[in-house]
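Please read the following points with the model open beside you, and take them in order.

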Amino acid sequence: FLLIGDIARMTTGWKQIDWKSVGLFSLTSLPLAALGAFGFALLSKDIVTRLIGTALILLVIVKLVSKKDLPKSRETILVGGAVTGGLSGLCGSGGPIGATVFLSLDLVPVAYIASEAATATAMHILKTIIYSKLTNMNYRALLIGLAMGTCMVAGTYVAKNFIKKMEKGKFQKYVAVLLCIVGIYMVACGE
């Protein structure tokens, strides 16, 4: 269902995508997303749930502690792609890391959004293929995912006006607290 939103963001800025950076990022993100997807499909639900919860908590901590911007370099893109891909395959999303990597490139807003979405789209398509081959993902599950994706797009538009009125700092703290609560629950309960 994340795929629908990523495709929408990618196509909106298609002409401004930084294809060189997308290619470099994908060079490491796609193989590690595939490897992570295999791990997701083969590990027990309990272990994967706890890993996702731990990843959520760690991403919030990294975001709060990190005051330094990433260097704008080929190495940043390649390492960032690898970490994002691995987390994306194993935990469903490595979005905050990928977003941080693309922020380091100093792209104009539309190019930033569309370029990051292009890499996320490629990873989601790859993971969907792997998940469908290794898990019980069937036509019904795909339809449920499409329905959830549609709801996410609708929810984005409904929440947009509410979110626009929030202060940036307050919004970031609110999201960080929610992510930590969900992460702690996932680590503690495992289901």
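1. A helix here is a DSSP run of H or I that spans at least four residues, and helices are numbered from the N terminus.

2. The mean pLDDT of the protein chain is 81, while 87% of its residues reach 70 or more. Helix α2 (residues 19-42) has the highest confidence, with a mean of 92, whereas helix α7 (residues 139-164) has the lowest, with a mean of 71. Where pLDDT is low, the predicted coordinates should not be read in detail.

3. The protein chain contains eight helices and zero strands, which gives the pattern α-α-α-α-α-α-α-α when it is read along the sequence. Of contacts between residues at least 6 apart in sequence, 85% join residues that are at least 24 apart.

4. As for the surface, 32% of the 191 residues in the protein chain count as buried. The chain exposes about 11800 Å², and 71% of this area is supplied by carbon and sulfur atoms.

5. Is T54 buried, partly exposed or exposed? Its relative accessible area is 34%, so T54 counts as partly exposed, because that class lies between the cut-offs of 20% and 50%. The side chain of T54 reaches the backbone oxygen of R50 at 2.8 Å. T54 also lies 6.4 Å from V187, C-alpha to C-alpha, although the two residues are 133 apart in sequence.

6. How many aromatic pairs are there? The count comes to three, and one of them joins F25 and F102, whose ring centres are 5.1 Å apart and whose planes meet at 50°, so the pair is tilted. Since F25 lies in helix α2 and F102 in helix α5 (residues 95-103), this pair ties together parts that are 77 residues apart in sequence. Both F25 and F102 are buried.

7. F40 and Y131 also form a tilted aromatic pair, with 4.9 Å from centre to centre and 45° between the planes. Because F40 lies in helix α2 and Y131 in helix α6 (residues 109-134), the pair ties together parts that are 91 residues apart in sequence.

Note on methods. Residues numbered from 1 in each chain as written. Predicted model: local features only at pLDDT ≥ 70, side-chain atom pairs only at ≥ 80, totals over all residues. Heavy atoms only, no water. Helix = DSSP H or I, 4+ residues; strand = E, 2+ residues; numbered from the N terminus. Buried < 20%, exposed > 50% of the residue type's maximum accessible area, 1.4 Å probe, protein only. Contact = heavy atoms within 4.5 Å. Areas by Shrake-Rupley, 256 points an atom, 1.4 Å probe, with all protein chains shown as cover. pLDDT = per-residue confidence, 0-100. Polar contact = N/O pair within 3.5 Å; in protein donor to acceptor, adjacent residues only side chain to side chain. Phe/Tyr/Trp six-rings, centres within 6.5 Å; stacked < 30°, edge-to-face > 60°.
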